[in-house]
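Me: I am new to this structure. Please take a close look at one part of it for me, the aromatic residues and what surrounds them.

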Amino acid sequence: MGQISNLRLSLSINPTLEHNTPTICFITNLKQQKMKANVGSIDRLLRIIVGLIIAIIGVIFDSWWGLIGIIPLATGLFRFCPMYFPLKISTTGKDE
């Protein structure tokens with residue numbers, strides 16, 4: 001458990017990539033490991049729609065619960081779900 005203190009999260013945009021997709025990286029002990037996209041197209045679209053709906057409902061009803069919409073929205077935009085990573089789940093197809 002002592003290794004957790006050496007864990008940092010960084011976000012970078014690589015201009016050499018085709019789509020300028022943000023890359024989420026975990027940097028451990030000065031070793032950088034890129035996180036691969038694990039959210040597919042349909043999953044991504046559903047997450048963005050659900051995230052926007054939750055956020056809009058939160059604004060309409062003046063509730064801080066709308067902030068929860070940021071979670072599916074962010075995972076859809078970044079195409080990376082932290083809960084999928086340890087479970088080794090990926091909804092991306094072979095062509096993505």
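Reply: Start with Phe 61. Its relative accessibility is 63%, so Phe 61 counts as exposed; the cut-off for that label is over 50%. This is a predicted model.

Where does Phe 61 lie? Phe 61 is in the loop between helix H1 (41–60) and helix H2 (70–78). Phe 61 also belongs to a nonpolar patch on the surface.

Now the aromatic pairs. How many does a search of the whole structure find? The search finds two. One is formed by Trp 64 and Trp 65. Their rings are 4.7 Å apart, centre to centre, with 25° between the planes. That pair is stacked, because planes under 30 degrees apart count as stacked. Trp 64 counts as exposed, at 58% relative accessibility. Trp 65 counts as exposed too, at 53%.

The rings of Phe 80 and Phe 85 also pair. Their centres are 6.2 Å apart. Their planes stand at 50°, so this pair is tilted. Is Phe 80 buried or exposed? Phe 80 is buried, because its relative accessible area is 7% and buried means under 20%. Phe 85 is partly exposed, with a relative accessible area of 47%.

One more ring deserves a look. Which charged end sits over the ring of Tyr 84? It is that of Arg 47. The charged end of Arg 47 is 5.0 Å from the centre of the Tyr 84 ring.

Step back to the whole chain. The protein chain has three helices and three strands. From the N terminus on, its elements run β-β-β-α-α-α. The protein chain has 96 residues, and buried residues make up 22% of them. Phe 80 is one of the buried residues.

The protein chain exposes about 7600 Å². Carbon and sulfur atoms supply 68% of that area.

Last, the contacts along the sequence. Take the contacts between residues at least 6 apart in sequence. Of these, 46% join residues at least 24 apart.

Notes
Residues numbered from 1 in each chain as written. Predicted model: local features only at pLDDT ≥ 70, side-chain atom pairs only at ≥ 80, totals over all residues. Heavy atoms only, no water. Patch = residues over 30% accessible without salt bridge, like charges linked within 9 Å, V, L, I, M, F, W, Y side chains within 5 Å. Areas by Shrake-Rupley, 256 points an atom, 1.4 Å probe, with all protein chains shown as cover. Salt bridge = Lys/Arg side-chain N within 4 Å of Asp/Glu carboxyl O. Helix = DSSP H or I, 4+ residues; strand = E, 2+ residues; numbered from the N terminus. Buried < 20%, exposed > 50% of the residue type's maximum accessible area, 1.4 Å probe, protein only. Contact = heavy atoms within 4.5 Å. Phe/Tyr/Trp six-rings, centres within 6.5 Å; stacked < 30°, edge-to-face > 60°. Lys NZ or Arg CZ within 6 Å of the ring centre and 35° of its normal.
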